[in-house]
Amino acid sequence: MNVFSARADSVRPLAILFKGISVKDSLRNCYCMVNAEGLRFITHESNTLQLTAYLKKDLFREYNFKDEVSFGIDLHTLLECITIFGNVSNSSSNNVWGGKTQTIRIQFPIDDALALTIEENGVITDCKIKTQEAPEFFSLNESLTETPFLAKLIINSSWLKSAFSELDGTAERFTVLVSPNAPYFRISVKSVVGDAQIDYPKDTDVFETFTCDEVCSNSYKYSTMLFALRALQVSTKTYIRINQRGFLSMQFMVPVTDSQVSFIDFIIVPLLNDEE
C-alpha cells in the first residue's frame, strides 16, 4: 500500500530544485522526508554543510498522504531520471519551464522503490529508484536554532551573484560581517593574490529587510560556499540568518513556475579560530 502519491503537471519544478542541491558526487546520498506539508530532500557533508530542497504539496495537482515516512535515495539517479525521461533542459537559468510539459506521478513505496511515472503526448515512462533505510545524520537545523540569531536579512539575490562572480574563486575562506552601523553588510576574502571585500549599503534596493542588533563576523570555507552557488543562480531573493555561534543559513527563494516559488536551504558551519 502506498504511503503517499502525488501528481504534478510538469517535471520542471522538481528538476530545478534537485539541481540546486545536486552539487557534488559525495553528496549524492540523499535523505527524504514525506509528511502532510510535502517532501524534503536533504544532503549533507561531515556535519559542516547541509542543503535542503522543499517540495511543498502546493507544487502538486494531487497530493495523497497517509503517514510520515523517511528513506534514503541516490540524488544523482533521481535527477537523471527526471532530466532524461522528462526531457528537461540542462540550462542553469530559472526560466526553464517554457515549452512542452510532462505530467509526473510519484509513488512510494512500490517494491521498496520510489516510483516515477512520466507522461508526454500519450507516451508513458516508468522509473523505479531503489531506496534505503533513512540514513542517520545530525541535522544542522538543530544547531542553527539552539542559540539566538544575531542577524536576519533578506537581500536581492542579484547582489550576491555579482559578489561571488567578482571575488577570487581560489580563496580559501570568506568572511561575512553584519553590523547595525556602516558597513552594515560586508563579504570579504583572502587569497594568494590578495584581499578583497564588497560592502553593501543599508538600502531598500539591496535589502528587503535588515535586522542586526550587534556586530557579528565569521569566516567560512570558500569551497563550501561554492556548493550554494547553483541554488543562488536560480533564486530571486536570499534570506540570510547568522546565529550566536556563527552558523550561516541562506534560504534561496526559487521560482519554479510562472506563479509559484519554492525554497532551497543552505547551512554551513563557521571556521574555528585555529582553523583561520
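Tutor: Let's start with Cys30, which is buried, at a relative accessible area of 1%. Keep in mind that this is a predicted model. What about a partner for that sulfur? The closest cysteine sulfur belongs to Cys32 and sits 6.8 Å away, too far for a bond. The cut-off for a disulfide here is 2.5 Å between the two sulfur atoms, and by that rule the count for the structure comes to zero. Cys212 is likewise in no disulfide, with its nearest cysteine sulfur, in Cys216, 5.0 Å away. Cys212 also counts as buried, at 11% relative accessibility.

Now for the aromatic rings, which form 13 pairs in the structure. One of these is Trp159 with Tyr200, an edge-to-face pair with 6.3 Å between centres and 85 degrees between planes. Trp159 lies in helix α4 (residues 157-166) and Tyr200 in strand β13 (residues 194-200), so this pair ties together parts 41 residues apart in sequence. Trp159 is partly exposed at 35% relative accessibility, while Tyr200 is buried at 4%. Another pair is Phe164 with Tyr222, this one tilted, at 6.2 Å centre to centre and 50 degrees between the planes. It links distant parts of the chain too: Phe164 is in helix α4 and Tyr222 in helix α5 (residues 222-225), 58 residues apart.

Last stop, strand β17 (residues 248-255). Seven of the eight residues in β17 are buried, so call it mostly covered. On one side of the story is strand β16 (residues 237-243), which runs antiparallel to β17 and is joined to it by six bridges. In that pairing, Ile242 stands opposite Leu248 of β17. The two strands make a hairpin with four residues between them, and Gly246 in the turn has a positive phi of about 95 degrees. Then there's strand β18 (residues 261-268), which pairs with β17 over eight bridges, again in the antiparallel sense. Here Phe252 stands opposite Ile264 in β18. β17 and β18 form a hairpin as well, with five residues between them.

How values were computed: Residues numbered from 1 in each chain as written. Predicted model: local features only at pLDDT ≥ 70, side-chain atom pairs only at ≥ 80, totals over all residues. Heavy atoms only, no water. Buried < 20%, exposed > 50% of the residue type's maximum accessible area, 1.4 Å probe, protein only. Pairing = 2+ DSSP bridges. Phe/Tyr/Trp six-rings, centres within 6.5 Å; stacked < 30°, edge-to-face > 60°.
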